[in-house]
Amino acid sequence: MLWSNFKTLLVKDIKLLFKGGMLIGYAFGIVVVMCISVALPMSKISVSEVTVSTLIWMVLFFSCSEVSQRIFLDEETKKTADLMRQLVPPSVIYLSKVSANSIFISVISLGVSTLLVFWFKLSLTVLPVLFLVMVFGSFALGITQGIISYLVARGAARGSVFPIVALPIILPVLISLINITTQVLESSPVSFTLLVVVLAQGFAVLITGILFLPYLEKGV
Amino acid sequence: MILSIMRIMTPIVIIPSLFYCILYSPVEKVIGITYRSIFFHIPSAWIAVVAFAVSLVGSILFLTKNDLKYDRFAHRSVEIGLLFSIIATLTGSVFAYYTWGSAWNWDPRETSIIILIIMYAAYLLLRNSISKPKLRPRIAAVYSIIAFLTVPFLVFILPRVTSSLHPESIGGGGLTGGMWIGLAGMLIGFTLIFILLLDLAVRIDKGMEEKL
Amino acid sequence: MEFSDKEVFSDLSVRFDSGISVVLGSNGSGKTTLLRVISGLQKQTEGELEFVGFSKGFETNEMKSIFLCSPDVSLYHELTVVENIKLVSNLKKKAFPDVSGWDIEDHLDKKYGELSSGYKQRIKLIASFLINPEVLLLDEPEQHMDEKGILKLTDEIEKRNRNGLMTIIATNHLWREWNVVVKL
C-alpha cells in the first residue's frame, strides 16, 4: 500500500519537476559550470583540479537550491499540500519528494560529468568512478536540500533563508565530494572512506526526516 | 538542591584552577608558556560540543514529549554553545598566531569550528524567520537534530582524513602531569559554568513566558 | 478556536449525526476553520473533537477516512485533468470514475490550471466523490457552478446519503432542504 503510493507520488513529483519550467535554473547552472571549467584551462591559465571540482559542486549546489527550495514550497503556495496531507502519510510524501529531487540532481550531474571527461580528455576508465561519485553526491545533496526545503516551506519562512540554512548543513558533504572529485580528476586513488561518509550523511538525514517530520504534521 | 551545590562548587573549582593554570602550570619545553591558552581553548571547545549535544537531546525530547520546557533547553543551549565556540576559536587563533605564525591557517579543525558556528547561527536565523509561531520550536528542533548529524564528521572524521597542525594528529599531545591537573580543573569548572548558564537562561525564558 | 492567531469562535458545541448536515454562516464566520479542525488539517486551540460509532481504527489510523474539499485544497495545475484524477484514484486504489453528467468530457486532456473556476470546482468534486470517505466535508461546494453542475452535485450528495455515508456541507446559502445543524 505505502510502496505503491510512493511509486505513484514519485511519478507525479518527477513529472512536476520536469514540467514546471524548473529546468531553466539547472540549465543556467550547467552552462556556468561548463563555461568556467572549460574556458579557463583552454585560455592557458593552469587551473588546478581542486578549483574545478570546487566549482562543480558549488555551482551544482546553488543551481539545485533554486529547484529544491520549491519542491515543497510550490505545494504549499499552490494549495496542493493539503490535498496530499489528506491522502498519504507525511513520510511517504517526504520520501517521494526527496527521491524525485535526488533523481533530478543525478541526471544533471551525470550530464556534467560526461562533458567533463571529454573536456579534460580524461581516460574513459575514470568514468565509472566519476559517475559513482556524482550519483552518491547527488543523493546526499538532494536529500539534505530536500529536508531543509521542507522545513522552510512548512514554517512559511522567508525563501531567502534557504541557501543560508542549507549550505552549512551540506558543507561537510560538499568538502568530501570536492576532495573525491579532485582525486578522480587527478586520476589518483579515490578515498572510499569519504565516499562512505557522503552516503552515511545522506542516509542519516533521510532517516531523521522519516522519524521526525511527522511531528511537524500532527497536532499543529 | 544539586544546583545550589553547583553554585557553591563553581567558584571553588574555577578560581584555584585559574590561578594554577595562569601562574604555576609547568612551562612547555618547545613553545614556552603560550601553550597556556589551551586551558581556555580545550574546555570551550568541549563545552561547545556538549551544548550542541544538549540541544540535540532537548530537541528530540521536545518533539516526542511535546513539552515546551525541552525546547527552551534546546534553544538556549545552542546560544551558549555558539558563545563557547567563538571563545574556542579566538583562544585557538591566539595560540596559532604565536606558535604557527598566523592566526588562521585553514587547519581542518579551524574549518570544522567555523562550519559549526555558521550552522548553529543558521539555526537561530531559521528560528527567527519562521512565521508560524506554533511550528517555530518544532522546525527548529528538527533542524537541530539534522545539524548535529554533521558534528561527528566535523569533530572526528574531517581532522583525521586531512592533514592537521593540531597536536593529536601529528602524534602525541605532549601534555605532562602538571598540565593535565590544570586542564582537568578547567574542564570541570567550565562544565559547571555551562550548567549554571543554561539553567539561568531557561529560567529567564520561563519567567518571561509566564509574564506574558 | 483560532485562525492565524485570531480567535474565530469559542464556546461552540456541535454534534453532527450521520446523513447530510449543513453549517450555515456568512463570510468569515469560521465555517472553514470548523471544517479544517474536523478534517484534522488544523488543531483547535481548546476543546475536544470526538468521533463516535465509526469503523475500528478510524481515529487511531493515521489516514482517517475524512476528506475536506475546500477552496484551500487544490489539484495540480501543471497536470491534466485525467492525470489529476488518475493520481487520486491510484492513491486510493479506486478505478477511474464515471465522469458523465459532470459535463467535462471536452476538458479531460486540458491542464487543470487552464480550466475556468467552474470546471476546476467540478474536477475537485469528482475527486472528492471518488475518494468516497466515511465523512466528506464540503466547503462551499456550489461556488462557481452553474445550475446543471449544482444539480449533479446535489445528486451525488444524496447518493452518498443513501449509501449511509456522512456529508457535512458549509455554505452561506441553502439550495436544498437539508438539516442545518449550526448557524455561525
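Reply: Start with the contacts in chain C. Among those with a separation of 6 or more, 72% join residues 24 or more positions apart. This is a predicted model. Chain C has 184 residues, and 51% of them count as buried. The accessible surface of the chain is about 9400 Å². Carbon and sulfur atoms hold 44% of that area.

Now the layout. Chain C has seven strands and four helices. Along the sequence they run β-β-β-α-β-α-α-β-α-β-β. Five of the strands make an open sheet, with parallel pairing. Across the sheet the order is β4-β5-β6-β3-β7 in chain C. The edges belong to β4 (66-69) and β7 (179-183) of chain C. Each of these has a single partner strand, so one of its sides has no neighbour in the sheet. On average, neighbouring strands here are turned by 20° against each other, ignoring direction.

The strand to look at is β5(C), residues 135-139. In the sheet order, β5(C) sits between β4 and β6. What holds such strands together? Strands of a sheet pair through backbone hydrogen bonds, in a parallel or antiparallel sense.

Take the β4 side. β4(C) and β5(C) pair in parallel over four bridges. There, I66(C) stands opposite V135(C) of β5(C).

Now the β6 side. β6(C) covers residues 166-171, and β5(C) pairs with β6(C) in parallel over five bridges. Two of the partners can be named. L136(C) has T167(C) of β6(C) as its bridge partner. D139(C) has A170(C), also in β6(C).

A helix covers part of this sheet. Helix α1(C), residues 31-39, packs on the sheet. It touches β3 (20-24), β4, β5 and β6 of chain C. The direction of α1(C) makes about 155° with that of β5(C).

How well covered is β5(C)? Five of its five residues are buried. Side chains of a regular strand alternate between the two faces of the sheet. In β5(C), V135(C), L137(C) and D139(C) point to one side. L136(C) and L138(C) take the other. Both faces are covered. Note that D139(C) is buried along with the rest.

L138(C) shows what that cover looks like. Neighbours within four places in sequence are set aside here. L138(C) then contacts L35(C), C69(C), L125(C), F129(C), L153(C) and I157(C), among others. Its contacts also include T167(C), I168(C), I169(C) and A170(C).

Next, a few sites in chain A. I93(A) belongs to helix α5(A), residues 90-119. I93(A) is buried, at 15% relative accessibility. I210(A) is 117 residues away along the chain, with 9.9 Å between the two C-alpha atoms.

S149(A) sits in helix α6(A). At 1% relative accessibility, S149(A) is buried. With neighbours within four places left out, its contacts are S68(A), Q69(A), I71(A), F72(A) and F162(A). G159(A) lies in the loop between α6 (126-154) and α7 (161-185) of chain A. G159(A) is partly exposed, with a relative accessible area of 28%. S149(A) and G159(A) are 10 residues apart along the chain, and their C-alpha atoms are 9.2 Å apart.

Last, confidence in chain B. Its mean pLDDT is 86, and 93% of its residues reach 70 or more. Among the elements of chain B, helix α5(B), residues 136-149, has the highest mean, at 94. Helix α6(B), residues 151-161, has the lowest, at 78.

Key:
Residues are numbered from 1 along each chain as its sequence is written. Chains are lettered from A and ligands numbered from 1 in the order in which they are written. This is a predicted model: local features need pLDDT of at least 70, side-chain atom pairs count only at pLDDT 80 or more; totals for chains, interfaces and linings use all residues. Side-chain values use heavy atoms; hydrogens and water are left out. Helices (H or I, at least four residues) and strands (E, at least two) are DSSP runs, numbered from the N terminus. Buried means under 20% relative accessible area, exposed over 50%, partly exposed in between (1.4 Å probe, protein chains only). Contact means heavy atoms within 4.5 Å. Accessible areas come from the Shrake-Rupley method with a 1.4 Å probe; for residues, only the protein chains shown count as cover. Two strands pair if DSSP finds at least two bridges between them. Axes are lines fitted to C-alpha atoms, for helices over the stretch in contact, and angles run from 0 to 180 degrees between N-to-C directions. pLDDT is the predictor's confidence in each residue, from 0 to 100.
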